[in-house]
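Let's look at how the words used for a structure follow from numbers. Each question below asks what lies behind a label.

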Amino acid sequence: MHRNKLMNDTHNVYSTPKEVGIPMIVITFCSIVISTIVLIVLLKTKKGNFFKWKVIDRFSLYTVICDILFYCSQTAYGTHDWLERFLDIDISQLECTIYGVFIMEFQLSQVILNVTTAMYAFTLVMRSRNMPLGKWDAYLLCPAFGIPLVSLTIAAFFNQFERNPVSCLLKEERGFLTSHFLQIGLLFLVSLVLITALYITMWIYIRRQTTAMNASFGQQSAVNARRLALKLSLYVLIHVIQFGAGVVEAVWIAIEEPPIGVRYATVFIGATGGMMNGAVYLTVYKN
């Protein structure tokens with residue numbers, strides 16, 4: 001019944017109130033600006049062969065590019081939605097599929113990048129060695145961008161994208177074995193659990209080392225260890241905020257139709273990701 005309503009009452013269901021739409025545009029624009037600033041800082045301050053940069057800087061570049069492309073995709077959809085309302089330009093099934101593929105591609109890629117970053121940091125902190133990334137970071141980039149692309153292309157081939165009240169994404173169906181929940185809810189949930197577990201383990205390890213450093217090497221070493229622990233905590237907090245809302249929404253969709261406020265809140269929180277990631281990177285870079 002919900003799907004029939006969406007198909008037969010498009011303008012009422014899909015129209016975003018200006019009280020919601022305008023703040024969304026502002027937040028998304030701010031995320032694009034801050035992500036662009038981070039990109040400029042990286043390109044201006046890092047010299048030489050890109051693959052000789054520090055791994056954290058390369059990770060940051062990949063992440064900020066994902067942020068920019070994700071928000072540009074959302075902006076393109078939002079602009080088309082506005083044109084549809086005022087100029088009667090409908091979003092076709094093909095256009096919705098294209099928007100959905102681009103939006104989800106860069107969103108899912110960022111999740112995989114964040115998980116890989118956590119695994120790399122864990123290997124470095126706990127085992128004092130670098131995790132191999134392959135030539136041209138192929139072990140990182142191929143899964144991060146290739147897996148979502150293949151999965152979403154298959155979904156598009158089988159016409160698995162449709163419009164919901166706030167975006168174009170995978171078809172929403174009830175149940176926990178649906179394509180929507182498995183590719184969004186479950187992936188986000190697994191990433192949250194894994195990243196949180198890895199960073200908490202590192203945080204505990206660093207805190208224990210802090211005591212030993214304070215006794216053996218003095219206060220300055222202990223302070224440096226605490227700063228590292230704080231930075232790790234910030235990365236966990238951002239990932240939980242940015243993708244935790246998506247988990248809540250996906251679980252809600254698997255059970256019943258969520259309130260429109262939940263959908264708006266998820267979009268709002270996701271739109272702040274660029275600002276949060278940029279603020280953390282600039283803070284780490286400054287220190």
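Q: Why is Glu 162 called buried in this predicted model?
A: Glu 162 has a relative accessibility of 15%. Buried means under 20%, so Glu 162 counts as buried. As for its place in the fold, Glu 162 is found in strand β1, residues 161-163.

Q: What makes the pair Glu 162 and Glu 172 a polar contact?
A: A polar atom of the Glu 162 side chain lies 3.3 Å from the backbone nitrogen of Glu 172. The cut-off for such a pair is 3.5 Å, so the distance of 3.3 Å falls within it.

Q: Why is Ile 255 called exposed rather than buried?
A: The relative accessibility of Ile 255 is 54%. Exposed means over 50%, so Ile 255 counts as exposed. This residue lies in helix α8.

Q: Which residues does Ile 255 contact, leaving aside its neighbours within four places in sequence?
A: Ile 255 is in contact with Arg 174 and Phe 176. Phe 176 is 79 residues away from Ile 255 along the chain, yet their C-alpha atoms are separated by 8.2 Å.

Q: Which residues touch the most other members of the largest nonpolar core?
A: They are Tyr 77, Met 104, Leu 152, Phe 161 and Phe 188, out of 24 residues in this core. Elements that each supply at least two of its residues include α4 (55-87), α6 (138-157) and α7 (179-216). The largest share, eight residues, comes from α5. In general, nonpolar side chains tend to be buried together in soluble globular proteins.

Q: Which residues does Phe 161 contact, leaving aside its neighbours within four places in sequence?
A: Among them are Val 101, Met 104, Leu 152 and Leu 169.

Q: How many cavities of 30 Å³ or more does a search of the whole structure find?
A: The search finds two. The largest cavity has a volume of about 360 Å³, and the residues closest to its centre are Gln 74, Gln 107, Leu 169, Glu 249 and Thr 266.

Q: What makes up the lining of the largest cavity, by class?
A: There are 13 nonpolar, ten polar and three charged residues. Helix α8 gives the largest share of this lining, seven residues.

Note on methods: Residues are numbered from 1 along each chain as its sequence is written. This is a predicted model: local features need pLDDT of at least 70, side-chain atom pairs count only at pLDDT 80 or more; totals for chains, interfaces and linings use all residues. Side-chain values use heavy atoms; hydrogens and water are left out. Helices (H or I, at least four residues) and strands (E, at least two) are DSSP runs, numbered from the N terminus. Buried means under 20% relative accessible area, exposed over 50%, partly exposed in between (1.4 Å probe, protein chains only). A polar contact is a pair of N or O atoms within 3.5 Å; within protein, one must be able to donate a hydrogen and the other to accept it, and residues adjacent in sequence count only if both atoms are side-chain atoms. A nonpolar core is a set of buried Ala, Val, Leu, Ile, Met, Phe, Trp, Tyr and Cys residues joined through side-chain atoms within 4.5 Å. Contact means heavy atoms within 4.5 Å. On a 1 Å grid over the protein atoms alone, a cavity is a set of points where a 1.4 Å probe fits but cannot get out, and a pocket is an open set with protein on both sides within 12 Å along at least five of seven lines; lining residues have an atom within 4 Å of a point. Grid points are joined across faces, edges and corners, and a volume is the space filled by probe spheres set on the points. Ala, Val, Leu, Ile, Met, Phe, Trp, Tyr, Cys and Pro count as nonpolar, Asp, Glu, Lys and Arg as charged, and the others, Gly among them, as polar.
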